[in-house]
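Visitor: Hi, I'm new to this one. Could you show it to me so I can ask a few things?
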Amino acid sequence: MATGSLLPGARAKAARAVMLALLATTLPGLANAQTPDATVVMARDFMFMPTSLTIKAGSTVTWTNEDEEPHTIVSDAGLFRSAAIDTNESFSFRFDKPGTYHYACSIHPRMVGTIIVQ
Amino acid sequence: MSESASVESRRRALRCLAFGGAGTLFALTGGVFTPIELAAAAAGADRSARLGKPLFVQISDTHIGFSKEANPDVAATLERSIELVNGLPEQPALIIHTGDITHLSKPAEFDLAQQLLKRLRTTELHTVPGEHDTTDATVSEYFNRFGQPSGNRGYYSFDHAGVHFVALVNVLQFKPGGLGTLGAEQLAWLGSDLRDRSDSTPIVVFAHMPMWSIYEPWGWGTADAPQLMALLRRFGSVTLLNGHIHQIVQKVEGNMTFHTARSTAYPQPPAGAAEGPGPLKVPAEQLSGMLGITSVAVRKHPRSLLLSDTSLA
């Protein structure tokens, strides 16, 4: 993961997500736990964080916009499409089927992300 | 700061917007449009008289619905921009809005924008959508209001005063990780639209995103612009107008003049000067100088030297 360009806050968040992911895989009791942080994607400084997120089928991902510009969440395959998400607003989508889902912001198409559903 | 002081400084800023070099004006000379400062034209009757009748005014990136620190009152700055146009010694024949009419594609934002734009003394309004106008789930709010001239395709053409105008859409078929796109269907339509026109027909092309690469990391360009240029190259005078980047950038290449208009809402940072192309916060007294409109005039005497001292703010 290229963390070099991330702000300290984003890096801490990313580290926390990685730790939670590690906990989830190493502790059997937590393997199926829904950890709120793990299903949240932040749009911050024109990047999706985490850029790639792995979740269990049936989980809901919530994207929250921390930028002053609105962003959108648009699936490459046309599976989901948010309206404009303004500052501090969110958009959620539930992923029922395993697979790899790529998405982008249609206002800033360089902003891309992936949801991997297991 | 007290509220009254804030209001007063806003008023001062708006006065500056009206009188302080808010935009540029184009004149058609020798078949090539050339921009000059609009404020200078409005201020000097002598100079504006020499410019001839304005053909059209370009308004862009009004972002109705935006209310953040960079400009908490974008309706007011649009109103002042409209007053600037209405105050021109001669009214333009038509108005072109190059997109991002609204900030979030909300019905109420479109309604307010339309209500304000109706205050223009010139009633003929042509639009193209920006990516901020097409974020509603069904991409229908823009087309319900402005889709008719194009049969809801978004792109269309028309003629006025011997000039052929082409409105293009480069915000709908975006490529993840990439630039704006016109698409094969639109390019094929343009090919047939231009086929029977003589090389000497002045062409004005307008779209929301730049039709040349200004800064690819921020998506400031159009991926299939080379195919567009191939269709336009034979014409003696081509003017390509856009908005999107909220600042003036210009390029002249052969017979093609590329010009990016200011926003009436808020400035954006120069290419690469921030994390991304978001609103640029500037001191209140600087804001007015960074907003504006673009106007285009047809010169009656194209050989005049007036255009040689053209400058961009």
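Visitor: Which residue in β7(A) is the bridge partner of A:Val74?
Guide: That would be A:Ala104. Keep in mind that this is a predicted model.
Visitor: Okay, and in which sense do β5(A) and β7(A) pair?
Guide: They pair in the antiparallel sense, over 2 bridges, and β7 of chain A covers residues 99–104.
Visitor: Switching to chain B: how many residues lie between β10(B) and β11(B) in their hairpin?
Guide: There are 2, and B:Gly254 in the turn has a positive phi of about 60°. The strands, residues 249–253 and 256–260 of chain B, pair in the antiparallel sense over 5 bridges. Among the facing residues, B:Glu253 is opposite B:Met256.
Visitor: And at what angle do the axes of α7(B) and α8(B) cross?
Guide: At roughly 5°, and the axes come within 10 Å. Angles under 35 degrees count as roughly parallel, so α7(B) is roughly parallel to α8(B).
Visitor: Which residues make that contact?
Guide: From α7(B), B:Leu187, B:Leu190, B:Gly191 and B:Leu194; from α8(B), B:Gln227, B:Leu228 and B:Leu231. By class, 5 are nonpolar, 2 polar and none charged.
Visitor: Last one: how many residues does each chain give to the contact between A and B?
Guide: Chain A gives 20 and chain B gives 20. On the side of chain A there are 8 nonpolar, 4 polar and 8 charged residues.

Conventions: Residues numbered from 1 in each chain as written. Chains lettered and ligands numbered in written order. Predicted model: local features only at pLDDT ≥ 70, side-chain atom pairs only at ≥ 80, totals over all residues. Pairing = 2+ DSSP bridges. Helix = DSSP H or I, 4+ residues; strand = E, 2+ residues; numbered from the N terminus. Contact = placed C-beta atoms within 7 Å. Nonpolar A, V, L, I, M, F, W, Y, C, P; charged D, E, K, R; others polar. Axes fitted to C-alpha atoms, helices over the stretch in contact; angles between N-to-C directions. Parallel < 35°, antiparallel > 145°, perpendicular 65-115°, else oblique.
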